[in-house]
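Welcome! Please take a look at the structure below before reading on.

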Amino acid sequence: MGKAQKKTGKGRLDKYYKLAKEQGYRARSAFKLIQLNKKYGFLESARCCIDLCAAPGGWLQVAGKYMPTNSVIVGVDLVPIKPIPRVVTFAADITTVHCRNLIRSELKDWKADVVLHDGAPNVGTAWVQDAYSQSELVLMSLKLAVEFLVKGGTFVTKVFRSVDYNNLIWVFSQLFGKVEATKPPSSRNVSAEIFVVCREFLAPKHIDPKFLDPKHVFKDLSSTASGTDKGSSANNAQANVFQPEKKRRKRDGYDDGDYTLFNKVSAGDFIRNSEPVNVLGLANKIAFETEEEKCWLELSITTADVKTNCDDLKVLGKGDFKALLKWRITLREELGLDVKTKHPDELIDAVEITEAVDEEQQMQDELERLNAEAGAKAKRARRRANEIKTKTIQRMQLQMTAPLDIGLEQNDASLRTGQEDVFDLTGAERGLRKRGGISKLASDDEMPSDEEELEAVEEESEDEVLDSEEERERKITALEADLDDMYDVYQEKLKERDAKYRVTEARKRGGALEEWGGLSSKAKDDSEDDSSEDGGWDEMEAAKEMGDDSASDGSDDEEPVVGQKRRRSDHTPSKKTGLVRTPPPPPASRAAQVWFSQDVFKGLDEPSEDEVNDLEMFSNSGGSQQGGWQDESEGDVDDFDIVPTEPDGDIEMWNAEDENPDDVKRAHIQKYGLTTAEAVTLAQQLANRKTTKTHLINDGFSRYSLNAKDSLPSWFLDDEAKHYKPNIPVTKEAIIALRARQRALDARPIKKIAEAKGRKKLRAAQRLEKAMKKAEGVNATADMTEQEKAKQIEKLMRKGAAKGKQKKEVKVVVAKGAQKGIKGRPKGVKGRYTMVDARMRKEVRAKKRREKAVKKGGGRRR
Ligand SMILES: C[S@@+](CC[C@H](N)C(=O)[O-])C[C@H]1O[C@@H](n2cnc3c(N)ncnc32)[C@H](O)[C@@H]1O
């Protein structure tokens, strides 16, 4: 058994407690139901469930999660339960009629598929009393269960290991087809609780009320069951002799008419009785009282040991009993009661045989033997399956079999070929071939054909010694190495194919920007290789040709690459021009091709003279910004990319690798503020002195930071980088603060509106300027009086300050009611107006639709 769990203090806050907190369950007990349901699966198919003693509601939450939507869930407890979505709860005592009525009124004539009971009375210190009231509560819950359960339904209850346990199980087995007691892993070892899952409710038409009456169940059942109890007197007597070491409980009390604790038998009875074993088992002492018996004491066969043994039979062991039985046989022969036909030892053998008849022991031995056999068999099967799998993978690499032959991997999406993000085994194979791995494998003389392999497997099953541990280890190591290789090849493929991936990788490595374009000479070689093979880039292109929109995401990302400034680590100056030669970029995606085929990009392939000069200057001076433009003067159009660039903000970004990461972070925070809820939470905690810098630093030394990564495979590390991260709790306040900031950002006008406002301002300024000029003209006029000038200027300025041409307001009059069908101006309407009616609205809308369709060119034409 494992280490005992602490039930107090921190021992309570075990992993299930934490899990419950993490997953939002109200009580750790939720996991008990989850585990019970995992084993028996009663919730998924249930449409109605009653949870008795449900507070605070952990089991209800689980029921709500696992049961189908629209199912009915009712929870009852002495204390009120906080609302849970789609769960009805009552506060009631489950032992009362009131509770029963409440459930009835809720369910009407529905029946429950599952009744749960995790009740525990409010326990005090008297254990026996507590256990009894728990058993009573269980019986009460059973009473409700039998009333509300549908035939075939399930009743799950918690019982305690106590004297009543067997009685309860007996009652359950009278009412249910299957009764199993189990202790889910989340139930603490120190707890005496056990969960009993009763399935297949028999729904008998009439249930004897005694089954549900604590008085009868907990008192009378033992006598009912005693008929089959092994501890009946005769059995006990045998057992006392053959296994005297075992102390048996006297479950059925004293035998009828025998109320004495001390039994004495006479030696004569023992010698003459045809069942001496029973005599030995039942008696406490063999007495030598008659004259004849006293004579037997004088015989040489009656040794001192025999005399002592006869004095107190209850303290004897198996050997002593054997000695007494031998003595009895010899004496009977002396007395002429038996003919000396058999050697006493033979008789003892017979006794031994009788002893072996101890069924319980026999069954246990047999079970142990069978278990051991089954275990060994399973181990052998596992080992063989591993072997076969290893070989199948090797064969697959040699294209001797399809991936579907491997049961496990065939479901693994990462192994499916023909998709962008797959763990491309074809590619892996190519990679291996490049590394000589496949050739190594292929040249391996030991590689068997299918038949050979089958034979080998058969041979192996005959001769298990061949499967030595070392051999297995060696093969597993080889397999792991192969898998690592495949993963590397897969990563390379990914880089070649997916621009997005390259960007992410580049960022991750803090500016390993040579990865950006995948344009190193090696990449070029690879791409050439690939072009002759299936899969890879060609496959993707082919997929796109076939209108595979899903790939267009990645291609969209590539668009900016053409015009962007790139940095290469691998730049070789051209012999002729001294320009930096870079391998060609991967062919643009279809979307990119369409985009760059527009007129506006025409001619961009050829740099102007000035640009070439600039480029030469850059390259000669060891400038690090190249790519994009093609150097046709080489006549090798596809081979070289040259990017003319000017130092700008981007360069700073690309050179970020040289900077101190802390400085970069600080600059980022200064520019954009804290952007994550975790960061805001920590900042608030620091500001409110809820934590200190030292604390945070100490917390930094966690399992995440001290995670040894030596000799771990790269695929594992990549995966861990994605998922093995500290979970920093965030506060409500942090979220509120971030949301407020986001709202403020959202409230800022969008660019278009800001531009429109700017235009408006500009026009107003232009108008004012125009008015001022005119006013100056008026002022300079000599043939106007000062008063006239002032009037004129005021008029001009007013006009200048006013908005542009105001649209004249048109009043819309709906042609209904009194206005319907009238000709001319409607009554009470002044100024410009327009009449509208429902017909007109439809026509206008239809017209607009048609216009739109014609514009798009795809609409229906009439
Ligand atoms: C262990 S808790 C149940 C936990 C629950 N299964 C969960 O997951 O949240 C036991 C509950 O039994 C309730 N209880 C005890 N006696 C009861 C009774 N006679 N009627 C109703 N509820 C009772 C207690 O109030 C207590 O809330």
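## The model as a whole

This is a predicted model, where local features need pLDDT of at least 70 and side-chain atom pairs count only at pLDDT 80 or more, while totals for chains, interfaces and linings use all residues. Residues are numbered from 1 along each chain as its sequence is written.

The protein chain has 34 helices and 17 strands. These are DSSP runs numbered from the N terminus, with helices being H or I of at least four residues and strands being E of at least two. Of its 862 residues, 21% are buried. A residue is buried if 20 or more other C-beta atoms lie within 10 Å of its own, exposed if 12 or fewer, and partly exposed in between, with C-beta atoms placed from the backbone. Among contacts between residues at least 6 apart in sequence, 61% join residues at least 24 apart; two residues are in contact if their C-beta atoms, placed from the backbone, lie within 7 Å.

## Around the ligand

The ligand is surrounded by 22 residues, and the closest are Ala 27, Cys 53, Ala 55, Gly 58 and Asp 118. Being near here means that a residue's C-beta atom, placed from the backbone, lies within 6 Å of the molecule.

By class, this shell holds 13 nonpolar, five polar and four charged residues. Ala, Val, Leu, Ile, Met, Phe, Trp, Tyr, Cys and Pro count as nonpolar, Asp, Glu, Lys and Arg as charged, and the others, Gly among them, as polar.

## Two sites from the record

An unreviewed UniProt entry places the feature "binding site" at Gly 57, Trp 59, Asp 77, Asp 93 and Asp 118. Positions follow the numbering used here, feature names are shortened, and annotations may be inferred rather than shown by experiment.

Trp 59 lies in helix 3 (residues 58–66) and counts as buried because it has 30 C-beta neighbours inside 10 Å. Beyond four places in sequence, the contacts of Trp 59 include Ser 29, Leu 33 and Asp 118. Asp 93 sits in the loop between strand 3 (88–91) and helix 4 (97–107). With 13 C-beta neighbours inside 10 Å, Asp 93 counts as partly exposed. Its contacts, leaving aside neighbours within four places in sequence, are Leu 78 and Cys 99.

## Nonpolar cores

The largest nonpolar core has 58 residues, of which Cys 49, Leu 52, Val 115 and Phe 155 touch the most other members. Helix 5 (residues 127–148) gives this core its largest share, nine residues. A core is a set of buried Ala, Val, Leu, Ile, Met, Phe, Trp, Tyr and Cys residues joined through C-beta atoms within 7 Å. A second, separate core of 14 residues includes Phe 270 and Trp 327.

## Paired strands

Strand 4 (residues 112–117) and strand 5 (residues 149–160) run parallel, joined by five bridges. Strands pair if DSSP finds at least two bridges between them. Here Val 115 stands opposite Phe 155 in strand 5. Six bridges also join strand 5 to strand 7 (residues 193–201), and these run antiparallel; in strand 7, Phe 155 has Cys 198 as its bridge partner.

Thr 834 belongs to strand 17 (residues 833–836). Is Thr 834 buried or exposed? Thr 834 is exposed, because it has 9 C-beta neighbours inside 10 Å.

Not counting residues up to four places away in sequence, Thr 834 touches Val 810 and Val 812. Thr 834 and Val 812 are 22 residues apart in sequence, with 5.1 Å from C-alpha to C-alpha.
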